[in-house]
Amino acid sequence: MQVGITGFPRSGKTTVFQALAPGVKPGKDVTYGNIKVPDARVDLLAEHFQPKKTTLAEITFVDIAGMPGTGDGAKALEPRTISAMRSSEVLVHVVRVFDDPMGGKPIDPARDVDDFAAELVFADLEVVEKRLDRLNRENAKTLERRALERCAVALNEEIPLRELEFDEEELKAMSGYALVSLRPLITLFNLGEEEWGDPDYAQWRDPAPATGARQATFALCGQTEMELTDLDEAEQAEFLEMLGLTEPARLAFIRKAYDLLDLISFLTSGKDECRAWTVRKGSSAPVAAGKIHTDLQRGFIRAEVLGWHDWVKYGSEQAAKAAGVHRVEGKGYIVQDGDIINIRSGV
Ligand SMILES: Nc1nc2c(ncn2[C@@H]2O[C@H](COP(=O)(O)OP(=O)(O)O)[C@@H](O)[C@H]2O)c(=O)[nH]1
Ligand SMILES: [Mg+2]
């Protein structure tokens, strides 16, 4: 999963990026940083199987510089910037909730949220109108044209496309345009150390849940979280306690992103490898098989499934089998979070 970190200049994008992807050196333009998604279940499986290899799910964070600011001396979107945005499955809008060290505009998170939304809508409108012009000239009677017309109507009313309902066919027809206001969005309020403890800023420290579809809100103190990543584990725990936190914001952020995207993990286990895989909630067993290898999906016969709680309860596959909780499931089975799955395939 690729998560694009974006926002106005000096909102703390690079700082937040370093807090979320510890140890990655930020570059000048667009920086990619991979992290492993911590999963205690994989650790437990690995302890049991002692596999040659343990593999966690990964998230790629992208520090996307060069968002055009309204005023603020910002530059227009660079092609590399826009393409990094377009290739991200989720966008994070970093909102500044501390005084601009360069003496720019005063703190006004609500203004920045609105301005940013408008920028995304504007970028999409340009793409949609250009394409529609052509389809109209050709008088195309296509699903794509109808879908884009709906987009244009919404965008002209400043409604982001993520708020519209599209079916699979429509999404497919529009996928080539990678419309940015269609992307799920996490609005991340980045508070300064002082603002974090200041009751006047409580509404940004504990932001109301997002109201629109496919949106979420999040808050952290970017500077502090970044500094935290340099400490060893014992020091981190001490530091967090001082801040009244129980874990680094990075971990809560990952859960938020999984939740927003409706993602769950299933597991595979054995002496060779214990591994976590990410699928959308509601995915069938063959779709899960396809994550591992397309051949496994094509030749899917059945899935042997052990629920996570049963594994914990019985402690091993053998004991679970003896207890009759180890199941054999067919094509229609909907994968559950934490399922330990073994795919049987005929290819
Ligand atoms: N006080 C405070 N300053 C921050 C915080 N996050 C970023 N900054 C400062 O804001 C400035 C811009 O941060 P940077 O991460 O480079 O922003 P970017 O332009 O969005 O990548 C830098 O001087 C940072 O030190 C924060 O949480 N608290
Ligand atoms: Mg930066």
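This is a predicted model: local features need pLDDT of at least 70, side-chain atom pairs count only at pLDDT 80 or more; totals for chains, interfaces and linings use all residues.
The open sheet has 6 strands in the order β2-β4-β1-β5-β6-β7, and its pairing is mixed. Because β2 (30–36) and β7 (215–220) stand at the edges with a single partner strand each, one side of each is left without a neighbour in the sheet. From one strand to the next, the twist averages 25°. The partner of β2 is β4 (residues 58–64), and the two pair in the antiparallel sense over 7 bridges, with Asp63 in β4 as the bridge partner of Thr31.

Helices pack on this sheet. Helix α1 touches β1 (2–6), β2, β4, β5 (90–97), β6 (185–191) and β7, and its direction makes about 165° with that of β4. Helix α11 (residues 249–260), in turn, lies across β1, β4, β5, β6 and β7, and runs at about 180° to β7.

Further pairing involves β9 (residues 273–280), which pairs with β3 (residues 53–55) in the parallel sense over 3 bridges; here Thr55 has Arg275 of β9 as its bridge partner. Strand β8 (residues 263–268) also pairs with β9, in the antiparallel sense and over 6 bridges, and one bridge sets Phe266 against Trp277 of β9. A hairpin of 4 residues joins β8 to β9.

Around ligand 1 there are 16 residues, of which Gly12, Lys13, Thr14, Thr15 and Gly192 are the closest.

Note on methods:
Residues are numbered from 1 along each chain as its sequence is written. Chains are lettered from A and ligands numbered from 1 in the order in which they are written. A residue is near a molecule or strand if its C-beta atom, placed from the backbone, lies within 6 Å of it. Two strands pair if DSSP finds at least two bridges between them. Axes are lines fitted to C-alpha atoms, for helices over the stretch in contact, and angles run from 0 to 180 degrees between N-to-C directions. Two residues are in contact if their C-beta atoms, placed from the backbone, lie within 7 Å.
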